[in-house]
Amino acid sequence: MQRYTLLLYGVCMKYLKNEEEAKDAVQQIFLKAISELHKYQVTYFKSWLYMVARNYCLMQLRDKGKNAVPVTERMVISEPEEIDPVILHRQKDETLEAMEEALQELNEDQKKCVSFFYLQKKSYTEIADITGYTPMQVKSYIQNGKRNLKIILEKKLKQKGTER
């Protein structure tokens, strides 16, 4: 169980976006996995466990959705505004350019971990193996890097908006 706790926690955070809910979900997923493992012929345990976690989180989100406000006839559905594809393409290019510049402004540890995680789709464990950091350091560098990247990117996009 200890081996897969970080993986499950990451999956749960991805879907539930709440630390306490994610921690509770990890416990529930382990209980579910232990009780249901004998029902299946599992060849790749890690993949199977990931799917159990994903499905559990999706069910949690679906159950939460039942408490959402139902759509009624009185609610007005507005037509989305048509945006010129050229302008949209230019905005995406500017955002990507600003993102690349912002990434270069991060400190080396954060830049390395964020690049491995988001651009090369490496797991915390893989990043730890490559860099020599502990998984907790990797997690910290990614979280801090992501936050710093957002701050830097917002400044850059704001500057570009005022230059026009």
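Author: First a term: contact means heavy atoms within 4.5 Å. With that, serine 115 touches Leu103 and Gln120, leaving out residues up to four places away in sequence.

Reader: What kind of model is this?
Author: This is a predicted model, where local features need pLDDT of at least 70 and side-chain atom pairs count only at pLDDT 80 or more, while totals for chains, interfaces and linings use all residues. Residues are numbered from 1 along each chain as its sequence is written, and side-chain values use heavy atoms, with hydrogens and water left out.

Reader: Back to serine 115, which helix is it found in?
Author: Serine 115 is in helix H5, residues 108–119. Helices (H or I, at least four residues) and strands (E, at least two) are DSSP runs, numbered from the N terminus.

Reader: Is serine 115 buried or exposed?
Author: Buried, at a relative accessible area of 16%. Buried means under 20% relative accessible area, exposed over 50%, and partly exposed in between (1.4 Å probe, protein chains only).

Reader: How many helices and strands does the chain have?
Author: Seven helices and zero strands. Of the 164 residues of the chain, 26% count as buried.

Reader: And contacts across the sequence?
Author: Taking contacts between residues at least 6 apart in sequence, 57% join residues at least 24 apart.

Reader: Which residues have the most contacts inside the largest nonpolar core?
Author: Leu8, Cys12, Ala25, Val26, Ile29 and Leu49, in a core of 19 residues. At least two residues of this core come from each of helix H1 (5–16), helix H2 (19–36) and helix H3 (45–65). A nonpolar core is a set of buried Ala, Val, Leu, Ile, Met, Phe, Trp, Tyr and Cys residues joined through side-chain atoms within 4.5 Å.

Reader: What does alanine 25 touch?
Author: Cys12, Leu16 and Tyr56, not counting residues up to four places away in sequence. Another core, of nine residues, lies apart from the largest one and includes Cys113, Tyr124, Ile127 and Tyr141.

Reader: Which residues of H1 are buried?
Author: In H1 the buried ones are Leu8, Tyr9, Val11, Cys12, Tyr15 and Leu16. They cover an arc of only 165 degrees around the axis, so they sit on the same side of H1. The arc is that of the directions from the helix axis to the C-beta atoms.

Reader: Changing topic: how many aromatic pairs does the structure hold?
Author: Six. Rings of Phe, Tyr and Trp (its six-membered ring) pair if their centres lie within 6.5 Å; planes under 30 degrees apart count as stacked, over 60 as edge-to-face and the rest as tilted.

Reader: Why is the pair of phenylalanine 117 and tyrosine 118 edge-to-face?
Author: Because their planes are at 90 degrees, with the ring centres 4.9 Å apart. Phenylalanine 117 also pairs with tyrosine 124, with centres 5.4 Å apart and planes at 50 degrees, so that pair is tilted. Phenylalanine 117 is partly exposed at 26% relative accessibility.
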